[in-house]
Amino acid sequence: MSEPTRPAPPPLPGSPNQPPPLGAEPTARKRFTPRRFTGANYIDFFLYASAAITYVSLSIYNKWLLDWIVGPVWLFAWVWGLPALYKLMRRQPIRPQRGPVGERE
Amino acid sequence: MSWAAHQFEVYAVQAHLPKKMVAKVSWLAIFFGDFTPDFLAKFWVYGFNYNGHHYGATKPYQWHRGWPGMGISHTLFFGALVCLGIWAWKHNRAWTIGFLLGFAAHVLTDVNDSIGTMLLFPFSTLNWSLHTWAYAATVKGGKYLDAAAYYSSLGAVMDLFWFFVVLGSWRVLSKEYWRTKVVPADPHVWSWLGQWFDDRGLLALYRGVFFYGVCRMIAWTTWAHLVAKPVIDGVKRNGYPWDLSWTGPWWVQHVTLPHVPPWVVLPVTLVLLGGVYFVANAIWERMESGSTKAIAWRNVRRKTG
């Protein structure tokens, strides 16, 4: 609940996790593969699609699932929770590693 | 009442904000504005059973949209009061205007069922209804009959309409849009959540309402037409019959409350929709100085206190 002129918040989601290394070429990003062709996007698509298929299939016969809290939580649990579980099993941190505000740019 | 339409509206309103409000009006406020009327009134409409006794409204339609009842929760007057409260409390135009637009979308959409809403409350307690489909929440039928009736009537078309409105503005669901237009309007909330969840999780939270809308539309329609085996007029059927006629479906009782003639409802609703956008536009700039002063004063108090 805030206006942009309020005190600086913690780093915004969607910002780069780490500042670019010193001396990095500013144009290097242009050589990256477009996002829509990356493996991460296929994983996202699979997660969203599987969340929808499982939720619809189960909720047709268990209608208590068709609730405005359960629905969004289901998506969140599927799309964020499953990858987080996978990371936990591989002993990787699941909390995002965002730098302080001053280090973002 | 409308079902998934209310979930899709949230994104439709966000996608069609006036240019000067883009990335400044809170999406979360639009969400809470759109959901508040049913937060307040819906639970008691269906009620619940405990120890063989039903607790809930004896006349769901009267409770939901009538006066006396919780019909006030579906009036622009009530939405304006809540907006005044938000403004008085936080002096935050991002939330005040967002809530107003979300709330108005809900109230104006609900004129479509046979009960409608009290658009001109408190000046009139007459309901404004287009009678597009039958309001079907009953004590006996509960949520299931309500869903079956809605997804067998023009209500289903209404949901599809809003679904395609959002699809027509599909960028509103993209990560880029969320990052550049939604997060900046609520930096503190998203940053706070961002301490625990990565962008994939935050984006899932943002898209969750749309996901729920799509899934409930598919699930209820599938159940009503492929799974349910209702008995209608003594005849056992495989699925509830479709009826896309005005005020359908024919197999539920068409309940009404004292209302204005239907032919005036559409023009008045459109005028009110335009009026809400006009008012939001007109007060947006004026609220800026109030917001800035309140924030400056709060900062001074933080430093000194």
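## The core of chain B

Let's start inside: the largest nonpolar core has 98 residues, and B:F8, B:L100, B:L101 and B:A104 are the ones that touch the most other members. A nonpolar core here is a set of buried Ala, Val, Leu, Ile, Met, Phe, Trp, Tyr and Cys residues joined through C-beta atoms within 7 Å. A residue is buried if 20 or more other C-beta atoms lie within 10 Å of its own, exposed if 12 or fewer, and partly exposed in between, with C-beta atoms placed from the backbone. Helix α10 of chain B (residues 199–227) gives this core its largest share, 15 residues.

This is a predicted model: local features need pLDDT of at least 70, side-chain atom pairs count only at pLDDT 80 or more, and totals for chains, interfaces and linings use all residues. Residues are numbered from 1 along each chain as its sequence is written, while chains are lettered from A and ligands numbered from 1 in the order in which they are written.

Back to B:L101: leaving aside neighbours within four places in sequence, B:L101 is in contact (C-beta atoms, placed from the backbone, within 7 Å) with B:V13, B:I30, B:G33, B:V276 and B:A280.

## A kinked helix

Helices (H or I, at least four residues) and strands (E, at least two) are DSSP runs, numbered from the N terminus. Of the 29 residues of α10(B), 21 are buried, so this helix is largely enclosed by the rest of the structure. α10(B) also has a kink of about 50 degrees, centred on B:R207. The bend at a residue is the angle between axes fitted to the seven residues ending there and the seven starting there.

## Where the chains meet

On the chain B side, 42 residues are in contact with 31 residues of chain A. Elements of chain B giving two or more residues to that side are α5 (93–109), α9 (187–194), α10 and α11 (265–304). The largest share, 19 residues, comes from α10(B). By type, this side of chain B divides into 22 nonpolar, twelve polar and eight charged residues.

## Chain A on its own

Chain A has two helices and zero strands. Buried residues make up 16% of its 105 residues.

## A look at B:D243

B:D243 sits in the loop between β4 (235–236) and α11 of chain B. With 18 other C-beta atoms within 10 Å, B:D243 is partly exposed. Not counting residues up to four places away in sequence, B:D243 touches B:S152, B:S153, B:G248, B:P249 and B:W250.

Conventions:
Contact = placed C-beta atoms within 7 Å. Nonpolar A, V, L, I, M, F, W, Y, C, P; charged D, E, K, R; others polar.
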